[in-house]
Amino acid sequence: MRYLLLSNVMLMLAGCSYPYRSLRSLPADQLCASQFRPEFSNELYNTHVNISGRHLSGLLLVKQMPDTTYRVVFSTETGVKFFDFAFGGQEDFKVHYIMRKLDKKVVINALRNDFNFLLMNNIPATAAQVMKGNGMLYHAYPMREKTVYYLTDTLCKKFVRAEMGSSKKPLAEATWTPAGKSSPDSITIRHHNFDFSITLKKLER
């Protein structure tokens, strides 16, 4: 009896630890996820960042440059920078500036991953693996040592959310509205493995 109870507990824990294992592979539609890619030109967002008990607020600028790369700059309302990153191009990612209190590898890597999977920089250069589960489609793309999943309804008409995960579990998720062919009015990014979240509301200019 004790052995049976222990086995059931272990099976439950395994199911919780590996949520992507139950997904079923389907033929890939390479165009599905790309239709929900946000289109940024020169947008400004009222931004709140919570990281390990520290709260930062200010303005975040997402600007597409003439060479199609993106600059993402987060600063106070008076113009004092928290960070200034570039995404895309031959370098893929570049830190132009980050304040000393944030200048930690884990923070930089988290921000790099967050904005990469928001900008959807990992598609369509890489072929998608499409899987079905929980009443949704999971469009999976490798991103460095992790995988990004863009979740849609089964007809690929509605964007649900994006997830970034390891081979074992989700590490972060993001939602944005509206999804596709426009700049989002609101964006939320939350991490599951440590205390880190970003919320953005677009400012009309």
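**Cavity and strands**

A: Start with the lining of the largest cavity: its residues divide into 10 nonpolar, no polar and no charged. Keep in mind that this is a predicted model.

Q: How many cavities of 30 Å³ or more are there?
A: The count is one.

Q: And how much space lies in the largest cavity?
A: About 60 Å³.

Q: Which residues line it?
A: The lining of the largest cavity is Val49, Ile51, Leu56, Phe74, Phe83, Leu102, Val107, Leu111, Phe196 and Ile198. Strand S2 (42–51), helix H2 (105–119) and strand S13 (196–202) are the elements that give two or more residues to that lining.

Q: Phe74 and Phe83 are both on that list. What is the bridge partner of phenylalanine 74 in S5?
A: Phenylalanine 83. How many bridges join S4 to S5, and which way do they run?
A: Six bridges join strand S4 (residues 70–75) to S5, and the two run antiparallel.

Q: What sits between the strands in that hairpin?
A: Five residues separate S4 and S5 there. Glycine 79 takes a positive phi near 100° in this hairpin.

Q: What about S5 and strand S6?
A: Six bridges join S5 to strand S6 (residues 92–98), again antiparallel. These strands form a hairpin too, with three residues between them. Glycine 89 in the turn has a positive phi of about 75°.

Q: Which residue in S6 stands opposite phenylalanine 87?
A: Phenylalanine 93.

Q: Is S5 largely enclosed or open, and why?
A: Largely enclosed by the rest of the structure, because six of the eight residues of strand S5 (residues 81–88) are buried.

Q: New topic: leucine 61. Where is it found?
A: In strand S3, which covers residues 54–64.

Q: Leaving aside neighbours within four places in sequence, which residues is leucine 61 in contact with?
A: Asn42, Glu43, Leu44, Arg71, Val72, Val73 and Arg205.

Q: And how far apart are leucine 61 and aspartate 84?
A: They are 9.4 Å apart in space, C-alpha to C-alpha. In sequence, leucine 61 and aspartate 84 are 23 residues apart.

Terms used
Residues are numbered from 1 along each chain as its sequence is written. This is a predicted model: local features need pLDDT of at least 70, side-chain atom pairs count only at pLDDT 80 or more; totals for chains, interfaces and linings use all residues. Side-chain values use heavy atoms; hydrogens and water are left out. Helices (H or I, at least four residues) and strands (E, at least two) are DSSP runs, numbered from the N terminus. Contact means heavy atoms within 4.5 Å. On a 1 Å grid over the protein atoms alone, a cavity is a set of points where a 1.4 Å probe fits but cannot get out, and a pocket is an open set with protein on both sides within 12 Å along at least five of seven lines; lining residues have an atom within 4 Å of a point. Grid points are joined across faces, edges and corners, and a volume is the space filled by probe spheres set on the points. Ala, Val, Leu, Ile, Met, Phe, Trp, Tyr, Cys and Pro count as nonpolar, Asp, Glu, Lys and Arg as charged, and the others, Gly among them, as polar. Buried means under 20% relative accessible area, exposed over 50%, partly exposed in between (1.4 Å probe, protein chains only). Two strands pair if DSSP finds at least two bridges between them.
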